[in-house]
Amino acid sequence: MTDIEELLLSRIRDVADYPEPGVMFKDITPLLADPAAFTALTDALAEIVERTGATKIVGLEARGFILGAPVAVRAGVGFVPVRKAGKLPGATLRQSYDLEYGSAQIEVHAEDLSAQDRVLVIDDVLATGGTAEASLQLIRRAGAQVAGVAVLMELAFLDGRSRLAPALDGAPLEALLVV
C-alpha cells in the first residue's frame, strides 16, 4: 500500500448499519475535514486529469461536487455539475438509469460541454456503476469526449467496473482505493 492510500484509508470511517441494517457505509467526512488528506486527494485526482488530457471535470451530485471542484481549480480545467433531475435551470440533457429498485434521472446543461472537451467524471465511490454509466452517456450526448472516470474508492464486491467497461469504451477507470 502506498503512502497516499494509507493516508486516505486512515481518514475514511466505517459506519455500520447505515443507511440500513447490513450496510457498511464509508464516511469520507473525516477525510474532508483533514486538510493534509484532502489536499493529497485533490493532488492525486489532479494528476489523473493531467494524465488523461481532460479539459473539463464532471462532478456527480453531491460528493462528486465536493471532490471535483477543487480538482478542477488545481488542474486549471472547467467544472460541470451533473445533478438529479429538476435541479438545473434552463435547457438540460436528461439521462435515465436503473437502480436496484426502480430508476433515477440525472441532468447536465448541454451548453457546458462541447466537441472540443475531453471530460473526466469524478465521484467519491464507484458502487454498482449506474450513475457513472448514465453520466458517460450524457457526456457523449452533449457531443463531448470521455477522458475517463476517477473515484476515491471502488467497492469491488459490487462489480461496478464491469458494468461501466462498455460505456467507458477504452477510457480509463481509476480508483485511488479499492475496498
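Let's start inside the fold: Asp117 is buried, at 7% relative accessibility (buried means under 20% relative accessible area, exposed over 50% and partly exposed in between, with a 1.4 Å probe and protein chains only). The model is a predicted one, where local features need pLDDT of at least 70 and side-chain atom pairs count only at pLDDT 80 or more, while totals for chains, interfaces and linings use all residues. Residues are numbered from 1 along each chain as its sequence is written, and side-chain values use heavy atoms, with hydrogens and water left out.

Asp117 sits in the loop between S6 and S7 (helices, H or I with at least four residues, and strands, E with at least two, are DSSP runs numbered from the N terminus). What does the side chain of Asp117 join through a polar contact of 3.2 Å? The partner is the side chain of Thr55 (a polar contact is a pair of N or O atoms within 3.5 Å; within protein, one must be able to donate a hydrogen and the other to accept it, and residues adjacent in sequence count only if both atoms are side-chain atoms). A polar atom of the Asp117 side chain also lies 2.9 Å from the backbone nitrogen of Ser114. Not counting residues up to four places away in sequence, Asp117 touches Thr55, Lys56, Asp112, Ala144 and Gln145 (contact means heavy atoms within 4.5 Å).

## Arg118, next in the chain

Arg118 is in strand S7 and is partly exposed, at 27% relative accessibility. A polar atom of the Arg118 side chain lies 2.8 Å from the backbone oxygen of Thr52.

Leaving aside neighbours within four places in sequence, Arg118 is in contact with Thr52, Gly53, Ala54, Thr55, Lys56, Gln145, Val146 and Ala147. For one of these, Val146, the C-alpha atom is separated from that of Arg118 by 5.6 Å, although the two residues are 28 residues apart along the chain.

## Two nonpolar cores

In soluble globular proteins, nonpolar side chains tend to be buried together. Here the largest nonpolar core has 28 residues (a core is a set of buried Ala, Val, Leu, Ile, Met, Phe, Trp, Tyr and Cys residues joined through side-chain atoms within 4.5 Å). Strands S3 (56–60), S4 (78–84), S5 (93–99), S6 (102–108), S7 (118–126) and S8 (145–154), along with helices H5 (130–141) and H6 (160–168), each supply at least two residues of this core. Which element gives the largest share? That is H5, with 5 residues. Another core, of 26 residues, lies apart from this one and includes Ala46, Val49, Ala147 and Leu177.

Back in the largest core, the residues with the most contacts inside it are Val58, Leu113, Leu136, Ile139, Val149 and Leu164. Val149 shows the surroundings well: beyond neighbours within four places in sequence, Val149 is in contact with Leu120, Val121, Leu136, Leu164, Leu168, Pro172, Leu173 and Glu174.

The Glu154 side chain makes a polar contact of 2.7 Å with the side chain of Arg161.

Setting aside neighbours within four places in sequence, the contacts of Glu154 are Leu126, Arg161, Ala175, Leu177, Val178 and Val179. One of these, Leu177, belongs to the core of 26 residues.

## Salt bridges across the chain

The structure holds 11 salt bridges (a side-chain nitrogen of Lys or Arg within 4 Å of a carboxyl oxygen of Asp or Glu). Among them, Arg74 and Asp43 meet at 1.9 Å, N to O. Arg74 lies in helix H4 (residues 63–75) and Asp43 in helix H3 (residues 35–52), so this pair ties together parts that are 31 residues apart in sequence. Arg74 is partly exposed at 45% relative accessibility, and Asp43 is partly exposed at 30%.

Another bridge joins the side chains of Arg63 and Asp124 (2.3 Å, N to O). Arg63 is partly exposed at 36% relative accessibility, whereas Asp124 is buried, with a relative accessible area of 4%. Glu133 and Arg163 also form a salt bridge through their side chains (2.9 Å, N to O); Glu133 is in helix H5 and Arg163 in helix H6, 30 residues apart. Glu133 counts as buried at 19% relative accessibility, and Arg163 as partly exposed at 31%.
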